[in-house]
Each structure stands twice: as C-alpha cells, then as structure tokens.
Amino acid sequence: MSLDLLVSHYNYWVVIFLMMVGFYILISRGNLIKKIVGLNVFQTSVFMLYISMGKVSGGTPPILLPGEEGVLYSNPLPHVLILTAIVVGIATTSVGLALAVRIKEAYGTIEEDEINAIDARTEAAE
Amino acid sequence: MLLTLLAAAGLALLRGRNLFAVVMLAGIYSLLSAGLFTVMDAVDVAFTEAAVGAGISTVLFLGALALCGHHENKPGHTPLLPLFVVLVTGGLLVWGTMDMPGFGDPANPVHHHVADHYIEESYHEIEIPNVVTSVLASYRGYDTMGETTVVFAAAVGVMILLAGRLGRKPRPDGKGDGT
C-alpha cells in the first residue's frame, strides 16, 4: 500500500519539494535577483504539477492521428494552460528584474537589509 | 530520474552565492524541466519552456546581473523562521496530495471534463491535428488574447521603469543619483 502510494505520488512530492525550495529562496534570501530566481523555480514547479496531472500512462502527445482508432492521448488542456502561464511568467520576471535594476540605480544595492538601513537613515534624517 | 536531477539542481540553486553561477544553474534547471515535459507528452510546453525559460529568461537575468553586480551577501538573520514556514506549507501540500488520484491513471476526473470533447471533436470542428493548438487559438482564444494584454502591459512597465536610464548619469561614487 505505502509503496504503491510512493510510486503513484512520487511526481507530486518531488514537485512539492521543488516548490518549497523556490519558496524558501524567496523568503529567506535578501538579494532581489536571487529572490526572482526562487520565484522562477516555484513557477516551474507549478507547471510540472499541472503537466503531471495531464499525463495518461501509455498515452501519446495530443497530436491527432486521423484515421487511427483507439489511440490514447494525454490531456491537452493542462498543456494549453501552462503555455499561457509560461509566457505570463516571463513577463512578470522581466518586470521584476527591471524593478531590481531601478532599485540598484536609486540605492546602489539590491540587498534587502541594506535598502532597509538606507531607508531608516533617510527617515531619521528627516 | 529527471525529477531527482531537478531536485539536485534546485538545491544547488539554494546554496550558490555567486549569482552568475546561480543564473546558469537556473538555465540548466529550465532545460531539465523541458526534458521532463517531453517525457510527460507535453511537447508544445517543452518547446516553450526550452525557448523562454532556458533562453530568454537567462538572457534577461544576465542583463540584470551586468547592471547589478553578481555577488550575494550572506543572509543576515537565522533561517529558522523561513524554514519553519516552508516545512509547514510543504507538509500541508503533501497531506493535500493524499486525496489526489495516482499519476497517469486514465480514469482521473481531470481527463473527463472537457478534454474528451477536445480530443474527439476538435478535428471535425477546426481541422487542426494538434489539439493543443486548436484549444489555444480557438476554444480558449480569449485566454490567449488576455495573455497578449499581460505581455503588452509588462513591456510598457519595463519601458517606464527603465526609460530614464539613458538621461541619468550615475554619480562617480557609484551610489546612484539619489532621485
């Protein structure tokens, strides 16, 4: 029973592990670019979760073979959703990186603690 | 197998402090995940991931690194609180998967909502053999249009954020222009 569970859920668990690695990078690292890398890891792991759910054992990619009967295809719907998500993901990544570049310009650093220290000093000076 | 490699790449990403190496590893991670998508029959997704994830986003990261420098400081606080949050979240998610049907089972409910219709009818209705294409462009065409809007908004955002760069000269002490 438990071995069956391991085999049939291994995909989901590794995906969750990767998701948590990304999440950990996101909340524990102070460097803004490293944070964005973590966000990307998180994102990709969500893609993998969806694609795992769309897989049918013994299925083929969902490109129809007209005239052939009884072919088992994997589920095309998650693929479509994830195609959209990948493109939206690169859009958010680029905005995040642009923000990081702008912060570097204004503060001279992209480390979160240094930015907070500079902010605190500016507030104290006012 | 690929999944285990991916997990290793993820851990290396976590450890690395040289951001240049981290970005390169992220590219490798992306490529590995594209391989995984191919194995799981999602060829279109694999194309996109290899081109966008391993290609374009690596280039974007390298560009940002060139402007920001590639050294990361050691984290200043103890990792205990984030670790705790992550473990609790991960535990909850694993608990959630206990109710999920097994990987690859053709009887999973996810395969029998609208997917059957797409696979059986889309060739008669749209005459494109690739089901992913016909769903993307026709059945869910509004989604794709919304996606284009998001990309447009992101492009505008990046341009607004970086537009002033050409006009401003950084101060010689490298502390930015203070605006």
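**Helix 3 of chain B and its neighbours**

Trainee: What do the buried residues of helix 3 of chain B pack against?
Mentor: They pack against helix 2 (32-54) and helix 3 (76-107) of chain A, plus helix 2 (19-39) and helix 6 (131-139) of chain B. This is a predicted model, where local features need pLDDT of at least 70, side-chain atom pairs count only at pLDDT 80 or more, and totals for chains, interfaces and linings use all residues. Residues are numbered from 1 along each chain as its sequence is written, with chains lettered from A and ligands numbered from 1 in the order in which they are written. Helices (H or I, at least four residues) are DSSP runs, numbered from the N terminus.

Trainee: Which residues of helix 3 of chain B are buried?
Mentor: Among them are Gly53(B), Ser57(B), Phe61(B) and Ala64(B). Buried means 20 or more other C-beta atoms within 10 Å of the residue's own, with C-beta atoms placed from the backbone.

Trainee: Where does helix 3 of chain B bend?
Mentor: At Glu49(B), by about 30 degrees. That's the angle between axes fitted to the seven residues ending there and the seven starting there.

Trainee: And what follows helix 3 of chain B?
Mentor: Gly69(B), with a positive phi near 85 degrees.

Trainee: New topic: how do the axes of helix 2 of chain A and helix 3 of chain B cross?
Mentor: At roughly 175 degrees, coming within 12 Å. The two helices are therefore roughly antiparallel (angles over 145 degrees count as that).

Trainee: Which residues of helix 2 of chain A meet helix 3 of chain B?
Mentor: Ile33(A), Asn40(A), Thr44(A) and Ile51(A).

Key
A residue is buried if 20 or more other C-beta atoms lie within 10 Å of its own, exposed if 12 or fewer, and partly exposed in between; C-beta atoms are placed from the backbone. Two residues are in contact if their C-beta atoms, placed from the backbone, lie within 7 Å. Axes are lines fitted to C-alpha atoms, for helices over the stretch in contact, and angles run from 0 to 180 degrees between N-to-C directions. Angles under 35 degrees count as roughly parallel, over 145 as roughly antiparallel, 65 to 115 as roughly perpendicular and the rest as oblique.
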